[in-house]
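Thanks for coming. I will go through one structure today, starting with a strand and then moving to charged pairs and rings.

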Amino acid sequence: MQCTMLKAKLHQARVTHAELEYEGSCAIDGTLLDMAGILEYEQIQIYNVDNGERFTTYAIRAEEGSKMISVNGAAAHKAQPGDRVIICAYANYSSAELINFKPRLIYLADGNDVKGSSDAIPVQVA
C-alpha cells in the first residue's frame, strides 16, 4: 500500500519577490530547502495565508542565506511580497516506510528567519 504524506513544510514564509516575467517556479533560500529536505525541481504546493490562494509549482534554489522566497511566472499573480505562505512538499511512502515516518516542519519568523523546527504538528485543541 502506498500513502501520500506531508514530507516537508516551510510554515509562515514571507514572500520576498513576485517575478511575473521569470520562468515559472518558486525560488527558495537554499539553506531553507536543505533544512526542509525539499529538492530543487521538486513539486510543491503553496498556500497563501493572506489571500487564500492555493497553487502548485516547483522549487528552485535561491542563494543560501538570502532568505528569498520568490514566486515566479503565472503564480506571481497569486502572491505578492509580504504575503505569508505555507510551502509544502508531499511524497509517497510504503506501509513499511510509514512505521518511522516523520515530516520535516520548519517554522519561520518575519524576515524568513528560522524560529523552530519539529517533526509533528501539535494536537489542535477545542
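Strand β4, residues 43–48, is mostly covered, with 5 of its 6 residues buried. Please keep in mind that this is a predicted model.

Which strands does β4 pair with? On one hand there is β5, residues 54–62, joined to β4 by 5 bridges and running antiparallel to β4. Within that pairing, Q45 has T56 of β5 as its bridge partner. The hairpin of β4 and β5 has 5 residues between the strands, and there G52 takes a positive phi near 85°.

The other one to mention is β7, residues 84–94. It is also antiparallel to β4, and 4 bridges join the two. Here I46 stands opposite I87 of β7.

**Charged pairs**

Now to the salt bridges. As a reminder, side chains of opposite charge can pair when their charged atoms come close. How many salt bridges does the structure hold? The count is 7, and I will take some of them in turn.

Start with R61 and D34, whose closest N and O atoms are 2.7 Å apart.

Taken together, D34, R61 and E64 are linked in a network of salt bridges.

Are these three buried, partly exposed or exposed? Buried would need a relative accessible area under 20%, and exposed over 50%. R61 has 32%, so R61 is partly exposed. D34, at 46%, is partly exposed, and E64 is partly exposed at 42%.

Another salt bridge joins D113 and K67, with the closest N and O atoms 3.2 Å apart. D113 lies in the loop between β8 (104–108) and β9 (114–118), and K67 in the loop between β5 and β6 (69–72), so this pair ties together parts that are 46 residues apart in sequence. D113 is partly exposed, at 37% relative accessibility, and K67 is partly exposed as well, at 32%.

**Aromatic rings**

Last, the rings. The count comes to 2 aromatic pairs. One of them is Y93 with F101, a tilted pair: the centres are 4.7 Å apart and there are 55° between the planes. Are these two residues buried or exposed? Y93 is buried, and F101 is buried too.

That is all from me.

Technical notes
Residues are numbered from 1 along each chain as its sequence is written. This is a predicted model: local features need pLDDT of at least 70, side-chain atom pairs count only at pLDDT 80 or more; totals for chains, interfaces and linings use all residues. Side-chain values use heavy atoms; hydrogens and water are left out. Rings of Phe, Tyr and Trp (its six-membered ring) pair if their centres lie within 6.5 Å; planes under 30 degrees apart count as stacked, over 60 as edge-to-face and the rest as tilted. Buried means under 20% relative accessible area, exposed over 50%, partly exposed in between (1.4 Å probe, protein chains only). Two strands pair if DSSP finds at least two bridges between them. A salt bridge is a side-chain nitrogen of Lys or Arg within 4 Å of a carboxyl oxygen of Asp or Glu.
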